[in-house]
Amino acid sequence: MPNVLLLNVSGASSKTRWQLLIDPPRPGAWNMAVDQVLLQQAAAQGRCCCRFYQWSEPTVSLGYFQRIADRREHTASMACPIVRRLTGGGAIVHDVELTYSLAVPGGHPLAIRRNTLYQTVHGSLIRTLAELGIDAALYKTQSVQKGGIASEAQPPQAESHRQPFLCFQRRSVGDVLLDAAKIAGSAQRRRRGAVLQHGSVLLRRSRMAPEVLGIEELTKKKVALDDLLRVWRDMLGKCLAADWQEEPLRDQQRDEVAGLAENRYVSDRWNEHRDRPPQKYSFRLF
Amino acid sequence: MTPEQLLYSKTHEWVHVETDSSGTKTATVGLSAFALDLLTDLVFVELPEVGRAVSAGEPFGEIESVKAVSDLYSPVDGQIAEVNGPIVEKLETLAEDPYGAGWLVKIKVSDDAGLADLFAFAAYRKQCEEESQH
């Protein structure tokens, strides 16, 4: 078993109630709208939520500060629909992957330091992969430690707009690697102390991003999405001391998601606003 | 400006208010060293244009550290009077001199009621210590 950080962040013997959503494949705009609503819920109602989801078609999600014009650098994914995330980092071609999100309210131990949530989620993923026979490791820029901490694969890059277009061609501390290849990464949005973190685990290479290898190509092992989801859900539950409560979105939340998807996440105004003079556009989340 | 002379918001902005001879108040706003330490590696900051109206407790800008986007909150109602443009291209200034050259915006205050929600240095330090224990 890799020697990775495994936190019971509650610090208590009792479990914390977490809403658990396991969603079917949906369009990018819907997926991003749900994550926003979960962040709003965490900020306004103090509710923790974990969500696992998929994409109804290969979709490019842009980091919050990326320019949509930069997608021209990546011709393989030009035919994919595109959606801008609330979170930073590089673009992701969501295809054969498991995507997750966590929304944590302000004041929660997981919400204070960025690295705590990263390490908890990614540590639980490494243990999950180990149970599935896959030896992954966390990316760390300095020391080399087998069994959980990967060696430096490449130096961290500087400013995001000078980094590679694709998230999975970037490296930052806490990414999940198989040897030197990144197979999982996450990004965060912070609002009024609450945190949304979402990320992707690459199961297999996408023809829309053939340069990025998934677990299957790297290990010659097939990991079924349902198996990964089942084992990771249980492992993450232990790490978070979470009492999972499978609860779908309420009707009012679904209406809110539908409104956000239609009015924001499919709109050029949102998706292209980093390519236009910023003073013309102003977005408020709440 | 020393940290002890400033006021602080719960969201880690520092504030220094000056009143000129006509009675107009201007709030200089930056991010505390503690917040910058939490954010770790900064990659991008977006600041508002001069003249934009801002409200106490509402975002006036955004800052991106490695893959985390966070909002910057105004402590007062008012109008953006000045923006520290050079730091957009020189983010290291924020960490090197957070209470001096690393200021973010100056706000011409129209309503300073939001100042009542700010902490003095000692109380802010206590908040930081509590957060550090997590």
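A residue counts as buried under 20% relative accessible area, as exposed over 50%, and as partly exposed in between. By that scale Asp112(B), at 28% relative accessibility, is partly exposed. The structure described here is a predicted model.

**Salt bridges**

- Side chains of opposite charge can pair when their charged atoms come close.
- Over all chains, the structure holds 13 salt bridges.
- In chain B, Asp112(B) meets Lys25(B) in a salt bridge, with 2.4 Å from N to O.
- This pair links distant parts of the chain, 87 residues apart: Lys25(B) belongs to strand 3 (residues 25–31) of chain B, and Asp112(B) to the loop between strand 9 (105–111) and helix 4 of chain B.
- Lys25(B) has a relative accessible area of 29% and is therefore partly exposed.
- Salt bridges with shared partners also join Arg189(A), Arg191(A), Glu62(B) and Asp71(B) into one network.
- In chain A, Glu247(A) and Arg47(A) form a salt bridge whose closest N and O atoms are 2.4 Å apart.
- Glu247(A) sits in the loop between strand 12 and helix 6 (251–265) of chain A, and Arg47(A) in the loop between helix 1 (28–45) and strand 2 of chain A, so the pair ties together parts that are 200 residues apart in sequence.
- With a relative accessible area of 22%, Glu247(A) is partly exposed.
- Arg230(A) forms a salt bridge with Asp227(A), and here the closest N and O atoms are 3.3 Å apart.
- Arg230(A) and Asp227(A) are separated by about one helical turn, because they stand three residues apart in helix 5 of chain A.
- Both partners are partly exposed: Arg230(A) has a relative accessible area of 42%, and Asp227(A) is at 33% relative accessibility.

**The largest pocket**

- The largest pocket holds about 850 Å³ of space.
- It is lined by 35 residues, and those closest to its centre are Arg192(A), Gly193(A), Lys10(B), Thr11(B) and His12(B).
- In chain A, helix 2 (109–112) and strand 10 (181–191) each supply at least two residues of this lining.
- In chain B, helix 1 (33–39), strand 6 (59–65), strand 7 (68–73) and helix 4 (121–132) each do likewise.
- Strand 7 of chain B gives the most to the lining of the largest pocket, with five residues.
- The lining of the largest pocket divides into 14 nonpolar, 12 polar and nine charged residues.

**Cavities**

- Rolling a probe the size of a water molecule over the atoms shows where empty space is left.
- The whole structure has two cavities of 30 Å³ or more.
- The largest cavity has a volume of about 110 Å³.
- Its lining consists of 13 residues, and Val93(A), Leu202(A), Ser206(A), Ala209(A) and Val212(A) lie nearest its centre.
- Nine residues of this lining are nonpolar, one is polar and three are charged.
- The second largest cavity contains about 90 Å³ of space.
- It is lined by 19 residues, of which Arg85(A), Ile92(A), His198(A), Gly199(A) and Ser200(A) are the closest to its centre.
- Strand 2 (49–55), strand 5, strand 10 and strand 11 (194–202) of chain A give two or more residues each to the lining of the second largest cavity.
- This lining divides into six nonpolar, 11 polar and two charged residues.

**A sheet in chain A**

- Three strands of chain A form an open sheet in the order 4-3-5, with mixed pairing.
- Strand 4 (82–84) and strand 5 (92–94) of chain A are the edge strands, each of which pairs on one side only.
- Neighbouring strands of this sheet are turned by 30° against each other on average, direction ignored.
- Strand 3 (residues 59–62) and strand 5 of chain A pair in the antiparallel sense over three bridges.
- Val93(A) in strand 5 is the bridge partner of Val60(A), and Val93(A) is also one of the residues nearest the centre of the largest cavity.

**Residues with positive phi**

- Arg192(A) is not a glycine, yet its phi has a positive value near 50°.
- Arg192(A) lies in the loop between strand 10 and strand 11 of chain A and is partly exposed, at 36% relative accessibility.
- Ala241(A), also not a glycine, has a positive phi of about 50°.
- Ala241(A) is found in the loop between helix 5 (225–240) and strand 12 (242–246) of chain A.
- With a relative accessible area of 6%, Ala241(A) is buried.

How values were computed: Residues numbered from 1 in each chain as written. Chains lettered and ligands numbered in written order. Predicted model: local features only at pLDDT ≥ 70, side-chain atom pairs only at ≥ 80, totals over all residues. Heavy atoms only, no water. 1 Å grid on protein atoms, 1.4 Å probe; cavity = no way out; pocket = protein on both sides within 12 Å on 5 of 7 lines; lining within 4 Å. Points joined across faces, edges and corners; volume = space filled by probe spheres on them. Helix = DSSP H or I, 4+ residues; strand = E, 2+ residues; numbered from the N terminus. Nonpolar A, V, L, I, M, F, W, Y, C, P; charged D, E, K, R; others polar. Pairing = 2+ DSSP bridges. Axes fitted to C-alpha atoms, helices over the stretch in contact; angles between N-to-C directions. Buried < 20%, exposed > 50% of the residue type's maximum accessible area, 1.4 Å probe, protein only. Salt bridge = Lys/Arg side-chain N within 4 Å of Asp/Glu carboxyl O.
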